[in-house]
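Biologist: I would like to learn how to read some local features and a helix packing from a model. Could we take them in turn, with the general idea before each case?

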Amino acid sequence: MRLLVVLFFTLISAGCALKPEPAPLLSMPKKPSLQSQRFQVEYQTEHAAPKVKSVQLPAHAVSKNQTVVIVADKTSVTDTLYGQLTEALAAKQLNVVKEATQADYTLSIHQLDLELIEDTEYQLVTPEKPLPLFDEVAKQFPVQQCATILGQVSMRLTHRKTGDVVWFAKSSIDSASFHREPLIYSFEQQQLIKNELEVATFVHEQNSEEARMARVNQEVTIPAYQTITRMNEFKKEQGPCNRTEISALTPMMQYYLSSILIDKIKVQ
């Protein structure tokens, strides 16, 4: 009986000694160094000069150091714009007074309008040196549509004692022609590993006990990482475009149009 037990354990030990060791565990391959770069593209549109009409009548000559009262009861003139109008008249050597009874002339602001009009279309500018992924940008974003405001200002200068109109003028301009900035957008060119999951799955499967035994004395090649280049984060860096950004231009547009008109007054 004792001899049988010894023989049994001898056979088991021999069997274990004959069983091969499993192949070593595979490690995840080192990932390649991924590159990323940021590029900028430009969008432009055509600009128009401000439309200006100015007529000065010869009934009364406007002379230096004469006084002017500003009347804007038909429009909403801010304190800032009032101060700017005062400075523009002072540059023409005309003095602004508060009381109408002290004024030689009345400057009436008849129109100070701002209205949204059809969007302005900005075209993508082709760079002198080709940018990576530029063709993709041109395909996806060939134009940019931006909100546009039309600003209009009209004024009249009246001789206070006689009520005679001495001068009247009107000017207008759209917001795109006013700010004249190109739109600058940026995008990032980024390398990504497109088969990372496949590589991880392969390594995981090859590290199972069954697979390790199957590849004893066999070489297994782990799939190489494959990279692709993509564009992302296409966003605006410069230039007003949406309604909020365009609306922020209105005070400057009003001053610009008003100063153009006042500069047309002929002062002797």
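Modeller: Let us begin with accessibility, where a residue is called buried under 20% relative accessible area, exposed over 50% and partly exposed in between, with a 1.4 Å probe and protein chains only. Ala49, with a relative accessibility of 56%, therefore counts as exposed, and it lies in the loop between strand 1 (36-44) and strand 2 (51-56). Helices (H or I, at least four residues) and strands (E, at least two) are DSSP runs numbered from the N terminus. This is a predicted model, in which local features need pLDDT of at least 70 and side-chain atom pairs count only at pLDDT 80 or more, while totals for chains, interfaces and linings use all residues. Residues are numbered from 1 along each chain as its sequence is written, and side-chain values use heavy atoms, with hydrogens and water left out.

Biologist: How far apart are Ala49 and Phe178 in sequence and in space?

Modeller: They are separated by 129 residues in sequence, while their C-alpha atoms are 8.4 Å apart.

Biologist: Is Gln111 buried or exposed, and what does it touch, leaving aside its neighbours within four places in sequence?

Modeller: Gln111, in strand 5 (residues 105-124), is buried because its relative accessibility is 15%. With contact meaning heavy atoms within 4.5 Å, the partners of Gln111 beyond those neighbours are Thr75, Gln152, Val153, Ser154 and Lys170.

Biologist: And how is a pair of packed helices described?

Modeller: Two packed helices are described by the angle between their axes and the distance between the axes. Axes are lines fitted to C-alpha atoms, for helices over the stretch in contact, and angles run from 0 to 180 degrees between N-to-C directions. Helix 2 (residues 79-91) packs against helix 8 (residues 250-263) at about 25°, their axes being 10 Å apart, so the two are roughly parallel, a term for angles under 35 degrees. On the helix 2 side the contact includes Leu81, Gln84 and Leu85, and on the helix 8 side it includes Tyr255 and Ile262.

Note on methods:
Angles under 35 degrees count as roughly parallel, over 145 as roughly antiparallel, 65 to 115 as roughly perpendicular and the rest as oblique.
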